[in-house]
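This briefing covers one structure, shown next. Keep the sequence and coordinates open while reading.

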Amino acid sequence: MKKLVCIFFALLFTGSSLFSQSREKEYALKAAFIYNFTLFIEWNSNNTGNEFVIGVFGSSPIYEPLMEIARTKTVHGKKIIIREYNSLDETGNCQILFISQKNSYSLSEILEKVNAKGTLIISEQDGYAALGADINFVIINNKIKFEIYSKSINKSDFTMSSQLLKLALIVN
Amino acid sequence: MWGFKNISIRKKLIIIQTTTAFVAVLLCCSFFLWNEMTVFKNSSIDNKYSLAKIIGVNSVSPLLFMDKDAANKILVNLNENVTILNAAILDKTGKEFAGYSKKGEEHYSFSIRKDGDIQTYELFDNKIEVSYRIFQGKEFLGTVLLRADLSDLDTIILRNLKIAGLILFISLLIAFAISVFLQQIIANRLLLLVSATKEIGESGNYSLRAPSDGGDEIGILSEGFNDMLAKIENTQNSLKEFNKQLEEKVEERTADLKKAQATLELNKEKYRKVVDEVGELIYSSDYKGNFTYINPICQKLTGYMQNELIGKHFTELIDPEWKLKVAKFYKNQFDNRSPETTYSFPIITKSGERKWVEQNIIQNTVGDKITGYQGIVRDITLRKRMEDELTQSNERFSKIFKSNPIAMIQTDVATDKVVDINKQFIELFGYKKEEIVGKKTLDLNMLDMQSAIVADSELAFRIKTQMEQKGYINDIELRARKKNGELFWALVSLQITMINDVKTRITSVFDISGRKKAEQDLKFVNNFLDSVLENIPNMIFVKDAKELRFVRFNKAGEKLLGYSQKDLIGKNDYDFFPKEQADFFTGKDHEVINKGEIFEIPEEPIDTKTGKRWLHTRKIVIKDEHNNPLYLLGISEDITESKKAHDIILQKSVELENTNKELEQFVFVASHDLQEPLRTISNFIGLLGKKQLGKTDKEIELYFQFIMLAGQRMQNLIRDLLDLSRAGRSFLFVPVNCEELLNEVIAEMGASIEESKAKIMFTNLPVIKGDRIKLKQLFQNLISNAIKFRKKDVVPEIHITAEEKNNEYLFAIQDNGIGIEEQYFKKLFIIFQRLHSATEYPGTGIGLATCKKIVTLHNGEIWVESKYGEGSTFYFTISKKLTQNVAVEPTTTSLVEKQ
């Protein structure tokens, strides 16, 4: 009996660790992608400060890898600051807002609050690109791909490079 | 080559011209061919590299977002370029990210070269590889690699070769035609010149001339040839003239030579005169020794004229005393056929004067036969005298050397060999004279030069230079080695001087090992004292007596004050402490210096870097040999902590004393005040009992009895408590006669003594100083205990004795009662400690506590010795030295014990 319990726990443990490993990998990639986006997107709004703020809305495992990137890299010569927000009112002036799956607001609420600020909205929910998120991560054939909302391409707040667009799935 | 040399100029010219043209055209063609190929190849490579670069730039985003499909799409576009065989994009780890191969080509796996920055690699089979490293900013993302075919280069080369061959052939033909035409102009004229040369060579007629025409090189050659012929003609004529002149010169020289011979004869005469006039006597003699020639110096040296001496034997001039000796010397020379000798001896001059001469003789020999002698004689009288003087001074030196109380050794500087040593040296080093003379000092190894050099590295150099410049050196300290190997410290002096014409080193060695030992001992003592001084936990400081500036500070001092030695040395108190403190310190310093005594400052405050400290300081004056103060030595102990502790204890004991007094007061008041109501209760119970007695039943009577007994017990208890508290209170020390006192006690205890039939015995008890009432109570308690704890059926016997000691009286009260077990000996004197039940032996448990308190009041001690079942002895001491003041203290402490 004891032995069985042991095996059961061992399975549970390894299973969860495997699961979390693949999740870790996924979010490390997503964080790297977010950083890579900044290489192909130019923000037109006057961000005069010397900080580049990436907001994470709702708690997400992406926070850690983003912090790791912020420690070593810069965007357009600006220091990267990672902020975690849990309520809409906190979402201050950030250049990128990553919307975690784990937030308790609807996209329309978020867009209403944030859209006007020249913030690039990145989400990870199937269908969000069609609803108005600028970039949406999707997983196709076990690979992370990203959708770009067609209207976002022509937004005046930022300019997306053709290099980026040619890799994206453009969604109307 | 030889073959070419011999063919005619005509043919040569044709060959030269044709070959030149061929080589020129060949070089031109080759250069253009090579150039075109290089340009083609470079442009082809550049083309490929640009292609790779474009692919690289386009691959940035696919690499970043790991989109292999997009990357492959980019590569697929390469199918428009037929020369590209394979292409690949490798990620930053070198793994293939995307790949492409031309239709019909096999997949090719690229490998990244180590020299990753070089973009092109040529392969053997006309293929090249091009690589482009992809960067995003500074970050390396991956590599684009292309493999291309350059085989269309071959067709271009073939075509160009054909063209070049054609050009070469045509230019060869043209060159041949031109040279055939030109050679005729030159060759004909040259042939004319050749035929003229041949004619002159055969006939020897230099007046012939070659035909000369035209201004070109052949014309100049003909003219030069004609000029040369003219010059040869001229030279022949002048040679004939010169021969004639030479013959005349030879005749002239022969006449000159004859003249010179005549002059030489004249010079020989002149030489003879020179010999006659030199400062040394020069003579020749026949083989017997008779003068055949003598120069005029003989008159100056001997007083005789030349003609007086010629024909005489040279020994006639010699001092008669020396004649035999000299004759023997020269016979020797004659026998040994020595060719040359030098010998000194005295001669007697014509005027009878004795002169020392040195004679140098050379034998003249013909074959084996001696034909005569050549003699040179010089006056050495003066030198001889000087030598004699020198010998005398050497003897004087020798005497001094031998009898010198300092060990001395003479060595020959040139050979380093020992010449002589003196007696003192023999004694000091232990060598015998014969052991050492003639040996090299270096081999004897008597001086440990190393020791001096170790002590002073410059010393060796100094010794050397001084010896070279001045010839002596004094007082170097060295380690010297005796014969038995023992080393000792020596003071060594060296002197170089001439003795008997020999450059001699005189070394004197003075044993200073005693002094050295003393120095080392002193050094040791100093080190020892230094260690003590530095490591003692107390602060030690030294000030100079005049200005009171710090001269020395030990580690403990540095630590205490928080300053380092560097900060302190040379400064005075005012540099570190507030003015008041510095005034106090220096005031004390002056007092100590003026009085010249040890001065003790039990407590002084000092402000240090770490805060205020308290010091216990002792200051001592250190005087010089004239008894003037030189230094002020201070030794300070940091008593801050103990002072703090002492203050706390003092405070606590005052508090304790107050508490004890209050407590005692309380016990006194309580027991005193309790007595009255208790008494009332007992009284009225007794009264009630009396009135009821006989009227009630027996049970109530029993109850009354219990109440009465309890009341009685309580009264006893309160009384004893009162006694106890009184024991420490008001007392008065007066002389007490113990015998009188005991008689009183026995009288007062009459009832119980009578009842128990106890026998109490005492003799010769002293008169002591103490509180009479309390001592009486002490005896009363102890005697009543002895009676109380008697054995049943045994008559109690109590012996009381006293013994006078140095500072106290020792009393003993011995009984034959039930005795006490040893484990209770200490417990006995604690209040309320009872060993028996109240019914068995009634009591309150306060009596012995009171006894202890009384004894303590008299500066004494109380204890018991007993054997269970055999009786007990109670001892107590009463101090002889009692003062009212001292006696107060123990009362309080005794109470503390009981708590």
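This is a predicted model: local features need pLDDT of at least 70, side-chain atom pairs count only at pLDDT 80 or more; totals for chains, interfaces and linings use all residues.

Residues are numbered from 1 along each chain as its sequence is written, chains are lettered from A and ligands numbered from 1 in the order in which they are written, and side-chain values use heavy atoms, with hydrogens and water left out.

**Chain B overall**

- Chain B has 25 helices and 28 strands (DSSP runs numbered from the N terminus: helices are H or I with at least four residues, strands are E with at least two).
- Of the 899 residues in chain B, 36% are buried (buried means under 20% relative accessible area, exposed over 50%, partly exposed in between, with a 1.4 Å probe and protein chains only).
- The accessible surface of chain B is about 56,600 Å², with 57% of it on carbon and sulfur atoms (Shrake-Rupley method with a 1.4 Å probe; for residues, only the protein chains shown count as cover).

**Interface between chain A and chain B**

- The two chains bury about 1,200 Å² between them, 60% of it on carbon and sulfur atoms (buried area is the accessible area, 1.4 Å probe, that two parts lose on being put together, summed over both).
- Phe40(A), Gln163(A) and Leu167(A) supply 39% of the area that chain A buries against chain B, more than any other three residues.
- In contact terms, 13 residues of chain A meet 14 residues of chain B (contact means heavy atoms within 4.5 Å).
- There are two salt bridges between chain A and chain B (a side-chain nitrogen of Lys or Arg within 4 Å of a carboxyl oxygen of Asp or Glu).
- A salt bridge joins the side chains of Glu139(B) and Lys73(A) at 3.2 Å, N to O.
- Helix 1 of chain A gives the most to the side of chain A that touches chain B, with six residues.

**Salt bridges within chains**

- Over all chains, the structure holds 37 salt bridges.
- Glu26(A) and Lys30(A) form a salt bridge of 2.8 Å, N to O; they are separated by about one helical turn, because they lie four residues apart in helix 1 of chain A.
- Both Glu26(A) and Lys30(A) are buried.
- In chain B, the side chains of Asp589(B) and Lys619(B) meet in a salt bridge of 2.6 Å, N to O.
- That pair links distant parts of the chain, with Asp589(B) in helix 18 (residues 579-595) and Lys619(B) in strand 20 (residues 611-623), 30 residues apart.
- Asp589(B) is buried at 0% relative accessible area, and Lys619(B) is buried at 1%.

**Ser123(A)**

- Ser123(A) lies in strand 6 (residues 120-123) of chain A and counts as buried because its relative accessibility is 0%.
- Its side chain makes a polar contact of 2.7 Å with that of Asn136(A) (a pair of N or O atoms within 3.5 Å; within protein, one must be able to donate a hydrogen and the other to accept it, and residues adjacent in sequence count only if both atoms are side-chain atoms).

**Ile186(B)**

- Ile186(B) is in helix 4 (residues 152-203) of chain B and is partly exposed, at 36% relative accessibility.
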